[in-house]
Each structure stands twice: as structure tokens, then as C-alpha cells.
Amino acid sequence: MHQALYRKWRPQRFDDVYGQDHITSILKYELENSKFSHAYLFCGSRGTGKTTCAKILAKAVNCLDLKNGSPCGVCEACRSIDSGAATDVLEMDAASNNGVDNIRDIRDEVMYSPSKLKYRVYIIDEVHMLSASAFNALLKTLEEPPEHVVFVLATTELHKLPATIISRCQRFDFRRISTAVLKEHLMRIAASEGIEIDEDAAIALAKHAQGGMRDAISLLDLCAGGHRRIDLALVEETVGSSGRGTLTDIVRAIVKKDYETIFSFIDSIVQSSKDITIFWQDLISLYRDILVTKTSKNAAAYLDLTDSETESLAELASMFTTERLSYHCDMMREAYLAMMNANSVRRIVAELTLVRMCDERLSTSPEAMLSRISALESAAPSGATNQRANQARSECADPATKTEKTVAAKKRQAPTLDDDDMFRGDAPVAIPKKEAKPMTAPESNTQNKLHPFKQRAEVTEIMDGLSAMMSSFFKNGKWYVDDAGHVIVRFTEESIIQRIKSFKGEQMFASAVSQVTGRTVTPADIALECKSESEMHDVIDDIIGSAEN
């Protein structure tokens with residue numbers, strides 16, 4: 001039977017463990033000086049050497065002839081542990097043995113001396129899977145075990161462990177192994193196993209492993225199954241990922257709004273039975289690299305890329321604004337979560353998201369609007385267009401209060417109108433006014449162009465002082481003024497208009513508008529309209545649209 005390469009090449013000494021020198025050096029020192037702890041906690045991502053170091057440690061504490069802090073591998077104790085015959089070294093998977101009874105068995109066993117070895121070693125893998133009662137049963141034994149017992153706990157999710165457990169152990173954090181170290185070890189294994197592999201293919205395998213040595217060796221074993229030279233194309237075909245060049249073409253298609261290329265590529269993924277989520281992960285990774293290139297002065301320090309890939313990233317980064325990159329990243333993150341929860345519609349989610357990424361006008365989110373604004377600023381850094389963009393940016397900063405700006409420190413004294421008075425239809429509304437200028441007579445032209453009402457914040461400030469309830473009604477609407485000076489307020493619900501009219505809210509609103517604008521505005525000059533969402537004009541869209549045109 002073929003033995004998996006990751007098992008065949010599992011380290012037997014601390015010196016053979018790659019990428020964890022900060023841990024192995026301490027362990028070797030403790031073992032050489034007989035100062036090792038009674039309990040260890042190894043935490044870190046998968047495939048970084050936690051269980052391997054736990055097994056080496058179990059051999060080292062029982063080895064009869066230590067070699068530079070590592071087990072010799074030839075003494076009787078080492079050989080019995082390697083063969084699995086040593087009953088004093090017990091490895092338990094907490095994922096399937098997570099009950100309190102399993103821990104009680106350990107608590108009862110630790111009282112007995114080892115049968116053949118010097119120390120009884122308990123290796124509990126995935127310890128975070130233990131139940132709360134199991135952790136409680138382990139606490140006292142873990143804190144003060146007999147002198148002949150050593151505990152080694154391993155976990156990939158440290159945050160799930162109780163603080164009482166962590167405080168009783170000597171903790172070591174295993175780091176993700178760098179791509180360079182993974183690549184070198186893969187080349188070394190390939191040479192020893194007679195596997196022909198290109199260097200760029202080894203780099204691709206190392207990147208796909210995401211810092212895990214076991215994953216990297218397993219991928220090498222998978223690619224070597226075809227008994228042919230391993231090149232970059234074979235790696236991409238085996239793993240099911242898209243090449244960097246293909247991903248770059250997709251990003252360029254997004255910039256150029258080349259929908260044909262986008263749909264064609266998604267169709268090719270589906271027809272080849274590849275997993276769309278793997279392509280999506282690769283695309284998110286590429287966007288991350290573009291964002292780092294765009295925002296960092298020392299991007300090379302955070303990117304593990306060749307010179308040609310770095311130049312390609314710089315070219316792509318020049319096509320985007322930071323706001324647009326951020327908008328695209330948010331959309332891809334949301335799409336990825338949707339793909340995880342809906343297997344049958346992954347293709348549709350991917351296609352719709354890519355189409356929306358091509359054109360921000362298809363989205364009404366604040367992120368999409370900021371992306372459009374940043375494009376305007378880049379195209380016209382000065383002049384009226386930039387002023388409109390700055391106005392829209394300030395209004396997008398807080399979507400809940402789009403066009404309401406902070407009012408200057410000018411305070412107005414106005415008598416308040418109690419909410420109870422509003423329910424009395426004959427309640428007088430006394431509002432101190434400025435010296436008003438008469439407004440021109442209304443015209444019958446119904447085609448007057450609507451403009452955003454620019455003094456909304458000042459009007460709502462006055463109405464807040466009169467009646468918070470009536471002010472809240474008007475805040476739900478969108479305010480416009482036509483060429484004749486009439487004020488139009490549009491709502492999406494007819495019930496709001498009925499409440500305003502039943503409380504004679506037009507009179508209060510007209511008085512507040514008169515005070516702010518300096519013109520005489522009567523309730524007859526106020527128009528309350530009900531429009532559907534699709535018919536509603538948006539102030540931000542008006543500003544951005546006029547600038548884009």
C-alpha cells in the first residue's frame with residue numbers, strides 16, 4: 001500500500017520541523033536541562049506541526065539518549081513509541097472523545113506509574129472540542145498532575161478554550177510557514193522521491209497550502225499521481241484554480257465592462273465542473289494584492305510575487321480608485337457568503353456580482369456612490385464638478401441623514417408647539433419670521449425642473465423646536481424646489497401625507513421655510529406627493545449624474 005507523503009516525511013526530530021524555530025529551540029533547551037513543563041498547549045492553524053511536535057516531545061521526555069534536545073530514535077523507548085506499542089503514550093482525539101467520562105478515565109489513570117517508560121504522556125488533539133463539564137473535570141489534574149505525567153494539548157481554535165485551561169499550560173503559538181520555506185521543502189521531497197517538478201509549480205503549491213506544511217505535501221502527492229512532470233498548468237488543473245493571468249483578464253474585463261468575457265469565463269468554469277468558490281477565492285486574493293499595491297508604499301514586503309506579477313499588479317492598481325477597490329471587495333465578500341449558503345445558484349451569484357462590479361450605477365449603496373464620486377474627482381480635480389463631488393461625498397458619509405448637514409452655531413429662538421396642540425385642528429401656529437420678500441405668483445407650468453432643497457437642515461432645526469413628531473414626518477420625505485419657487489416634498493407612503501394634513505403640518509412647514517428662505521411661503525405653495533421607490537429622485541444621484549454627464 002502506498003504511504004502518503006505527508007506521513008512518510010513527518011519529522012522525527014525537532015531539527016526536522018520547518019518554520020517553527022521559535023518553538024523547537026525552547027523545547028530543546030528545556031529537554032536538555034530537564035526543565036520541561038508538566039503541561040503544554042500547542043495552538044495554531046492546521047498543518048503547521050502541532051501534533052508532530054507533541055509526538056516528538058513524547059519521545060524526547062522518555063528517550064534514553066537525547067541528541068541535542070531531540071530524541072535519538074534508536075533506543076528502546078523511541079522505537080516502542082514509533083511503532084505504537086508504548087502504552088504509556090496515549091493520543092486522544094477530543095473531537096470524538098469530548099465527554100466528561102473520557103476525562104474521568106484519564107484522571108483515574110494518571111495515579112498509576114508508567115508501565116515501561118519514564119513518563120506517561122497524554123496528547124489531546126483538538127482540545128477545544130471538549131465539553132464544559134469535561135474541561136472542569138480536567139482542571140485540577142492539569143494543574144497538579146503526578147510527577148510522572150505530561151499533558152500536551154493541541155488546538156486550532158485557541159479562543160474556544162477556557163482561560164483556566166490556558167493559564168495552567170505552557171503555551172506555544174505555531175506560525176504559518178512562509179511560501180519560500182514550503183517551496184524549498186517541496187523541491188527537496190520531490191528530488192528524493194524522483195518527482196519532476198518546475199519551480200513555479202512548487203511555488204503555486206506552496207501558496208495554495210496557505211502556510212500549512214501537511215497541505216503542501218498532500219497537494220504534491222496529489223499532483224504526482226499522474227506520473228508526469230508537474231508544471232504550473234498541472235497544478236492549476238489539479239487544484240481547480242484559475243491562473244493569475246486569467247484572473248488578470250477578468251479584472252480588466254470588469255474595468256472595460258466587457259460582459260461577454262465575464263459570462264464566457266463563468267460558463268467555462270461551470271462546463272469544466274470546477275468549483276466556482278475556488279475561483280472566487282482566487283479573485284478575492286487578487287483584489288487584496290491590488291489593494292495592497294494601491295495603498296502601500298512598500299507593497300513588495302506584503303506580497304509574495306515575482307517581478308512580472310508585481311508589474312502587472314501595478315498596472316491593474318492604476319485602473320482603480322481606492323474607493324472602487326473597497327466597494328468591489330465588499331461585494332465579493334458578500335457574494336462569497338451567499339455562495340456558501342446556496343450551492344445551486346453559485347453561478348447566478350457570481351454573474352450578478354461581476355455585472356454589478358462593472359457598473360456602480362446598478363447599486364444604490366453608499367459604497368457604490370463613493371466609488372462614483374472618487375472617479376469624478378480623479379477625472380476633474382478642480383472646478384464645479386469637484387464641488388458637486390465634495391457635496392455628494394459629505395452627504396454619503398452618513399446615509400441615514402443624507403442631505404442634512406451640521407447647522408452652524410447660529411441659534412434661533414422660537415416658541416414651541418406642544419404635540420397636544422397639533423391634535424387640535426384650530427391650534428394657532430405662531431412663528432417669528434424674518435422680513436419676508438413676496439414670492440412670485442405660481443405659474444401653471446407643470447414641467448418645471450426640480451432642484452434639491454438646499455436649506456433642509458435649517459428648516460428641520462426650526463421644526464424640531466416646534467414639534468418633534470411633525471419634524472420626523474417631513475424628514476421621511478425628499479425635498480425639492482421647482483423653477484417657480486414651489487416646495488415639493490415626496491413620500492413613499494400615503495399615510496404620512498394624511499397625518500401631516502390632519503395635523504395641518506403644511507402651515508408649520510410653510511412658516512419654517514419662510515423664515516429660512518426669507519420669502520413668503522404659504523401652504524398653497526407646498527406640494528405633498530406620494531411616489532414609489534422607482535419614481536423617487538435621489539439627491540445624491542442628481543448630483544453625481546449631473547457631474548458624470
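Modeller: On a 1 Å grid over the protein atoms alone, a cavity is a set of points where a 1.4 Å probe fits but cannot get out, whereas a pocket is an open set with protein on both sides within 12 Å along at least five of seven lines; a lining residue has an atom within 4 Å of a point. The present model is predicted: local features need pLDDT of at least 70, side-chain atom pairs count only at pLDDT 80 or more, and totals for chains, interfaces and linings use all residues. Residues are numbered from 1 along each chain as its sequence is written, and side-chain values use heavy atoms, with hydrogens and water left out.

Biologist: Which residues of the lining lie nearest the centre of the largest pocket?

Modeller: Ala204, Lys207, His208, Arg244 and Ser285 do, out of 37 lining residues. The space amounts to about 1200 Å³, a volume being what is filled by probe spheres set on grid points joined across faces, edges and corners.

Biologist: Which helix supplies the largest share of that lining?

Modeller: H14 does, with seven residues. Helices are DSSP runs of H or I with at least four residues, strands are runs of E with at least two, and both are numbered from the N terminus. Among the helices that each supply at least two lining residues are H8 (179-193) and H14 (276-295).

Biologist: What makes ten of the lining residues charged?

Modeller: Asp, Glu, Lys and Arg count as charged, Ala, Val, Leu, Ile, Met, Phe, Trp, Tyr, Cys and Pro as nonpolar, and the others, Gly among them, as polar. On that basis the lining also holds 16 nonpolar and eleven polar residues.

Biologist: How do you know that E2 (residues 89-93) and E3 (residues 120-125) pair?

Modeller: Pairing requires that DSSP finds at least two bridges between two strands. E2 and E3 have five, in the parallel sense, and therefore meet the criterion. Asp93 is bridged to Asp125 in E3.

Biologist: Why is the crossover from E2 to E3 called right-handed?

Modeller: With the strands pointing away from the viewer, the path from the first strand over the helix to the second must run clockwise. The β-α-β path through H5 (residues 100-109) is right-handed in that sense.

Biologist: What makes E2 and E5 (170-174) edge strands?

Modeller: The open, parallel sheet has the order E2-E3-E4-E1-E5, and its edge strands E2 and E5 each pair on one side only.

Biologist: Why do E6 (451-452) and E9 (526-530) stand at the edges of their sheet?

Modeller: That open sheet, with mixed pairing, has the order E6-E7-E8-E9. E6 and E9 each have a single partner strand, so one side of each is left without a neighbour in the sheet. E8 (residues 487-491) joins E9 in parallel over five bridges, and Val487 is bridged to Ile526 in E9.
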